[in-house]
Amino acid sequence: MALVSEFLGQLTLSYSGEPEAKYPTVVPARDFDPARDAARIDTAIKTKGVDEQTIIDILTRRSCEQRREIAFEYERFAKKDLVSALKGALSGSLEALILGLMKSTAQYDASELKASMKGLGTDEETLIDIVCSRNNEELAEIKRVYRDMFKKDLEKDVAGDTSGNFAKLLLALVQTRRDEPSNVVDYEKIDEDARALYEAGVKRKGTDVVTWIEIMSQRSVPHLQKVFERYKSYSPYDMKESIRKEVKGDLEKSFLTLVECFENRQLYFASRLNEAMKSKGAKEKVVTRIIVSRCEVDLIKIRTEFKKHFKRSLYQTITEHTKGDYQKALLSLCGGDD
């Protein structure tokens with residue numbers, strides 16, 4: 001036990017008590033004139049063949065709040081809804097991206113979740129991508145917005161559309177019961193959780209998934225980072241290898257996403273972008289979702305991680321793997337080459 005105390009005594013939790021800092025690529029434009037922007041967009045929509053460049057230039061370089069003001073001004077003088085006008089003027093991936101920008105980050109996430117559970121069959125990839133990568137604060141806001149937008153409860157929709165342990169994990173996350181980070185380091189709890197994860201998985205035949213879900217959905221992120229470090233002293237495998245050995249399918253993907261986001265959330269998004277653009281014909285849906293949902297949150301940090309790990313910039317990668325107006329819009333949101 002003395003050895004354990006000594007080992008744990010070397011651990012410190014980096015927590016400042018401050019809300020997570022933002023690293024956006026899209027910030028409020030200076031000298032902003034919503035009426036002028038609305039008039040320019042109106043002209044661009046009415047132009048023969050549509051002037052996509054002007055629409056991209058304006059909407060990808062304004063903050064969400066500013067886009068809302070443009071939409072208000074547009075409706076005031078054009079007597080029609082800007083989103084409907086954009087829908088009529090644009091198509092394909094560019095349309096999906098621009099319409100995504102017309103929502104707040106939480107509204108966009110909520111509508112992506114709703115779409116992933118619509119109709120026959122569930123888009124598990126989107127569900128996992130959003131639910132397992134958002135922090136407590138983001139999930140609480142998504143739930144509130146989801147209820148406002150769809151008059152439905154996100155928990156109920158998730159429960160109705162998924163099943164088994166996969167459903168249990170998603171619901172545990174959506175319930176936002178994660179502890180807030182604390183400056184007080186509970187060394188015994190770190191050791192206890194690490195041992196519990198090992199005993200619930202690698203050590204036994206069959207996996208006690210409920211214990212894994214409980215620990216990974218309720219403990220604070222700095223605490224879990226130390227738990228995974230400590231876990232290695234019990235298990236011959238690290239946490240990610242253990243997950244791959246113990247569970248399969250959507251549950252495996254969900255646990256891996258969680259652990260990757262606990263370790264380095266921006267690297268998770270960078271890896272997803274790299275993967276989505278490696279495939280022949282970029283997986284535009286994934287690229288759009290990450291760029292649109294993170295451009296006002298942490299896209300600068302995602303860009304940094306991308307360059308560090310994949311030895312080329314996100315900007316260059318977008319240039320090589322996308323084309324046309326869609327590419328122009330992505331590059332504008334990307335905010336520069338590293």
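Author: Leaving aside residues up to four places away in sequence, Arg134 touches Asp109, Asp129, Leu139, Ile142, Arg265, Phe269, Ser293 and Arg294, where contact means heavy atoms within 4.5 Å. This is a predicted model, in which local features need pLDDT of at least 70, side-chain atom pairs count only at pLDDT 80 or more, and totals for chains, interfaces and linings use all residues. Residues are numbered from 1 along each chain as its sequence is written, and side-chain values use heavy atoms, with hydrogens and water left out.

Reader: Why is Arg134 called buried?

Author: The relative accessible area of Arg134 is 7%. Buried means under 20%, exposed over 50%, and partly exposed in between, with a 1.4 Å probe and protein chains only, so Arg134 counts as buried.

Reader: What makes Tyr146 and Phe150 an edge-to-face pair?

Author: Their centres are 5.0 Å apart, with 65 degrees between the planes. Rings of Phe, Tyr and Trp (its six-membered ring) pair if their centres lie within 6.5 Å; planes under 30 degrees apart count as stacked, over 60 as edge-to-face and the rest as tilted. The pair is therefore edge-to-face.

Reader: Are Tyr146 and Phe150 buried or partly exposed?

Author: Tyr146 is buried at 0%, whereas Phe150 is partly exposed at 25%.

Reader: How do you know that Lys114 lies over the face of Phe150?

Author: Lys114 is 5.6 Å from the ring centre. The rule asks for NZ of Lys or CZ of Arg within 6 Å of the ring centre and within 35 degrees of the ring normal, and Lys114 is listed as lying over that face.
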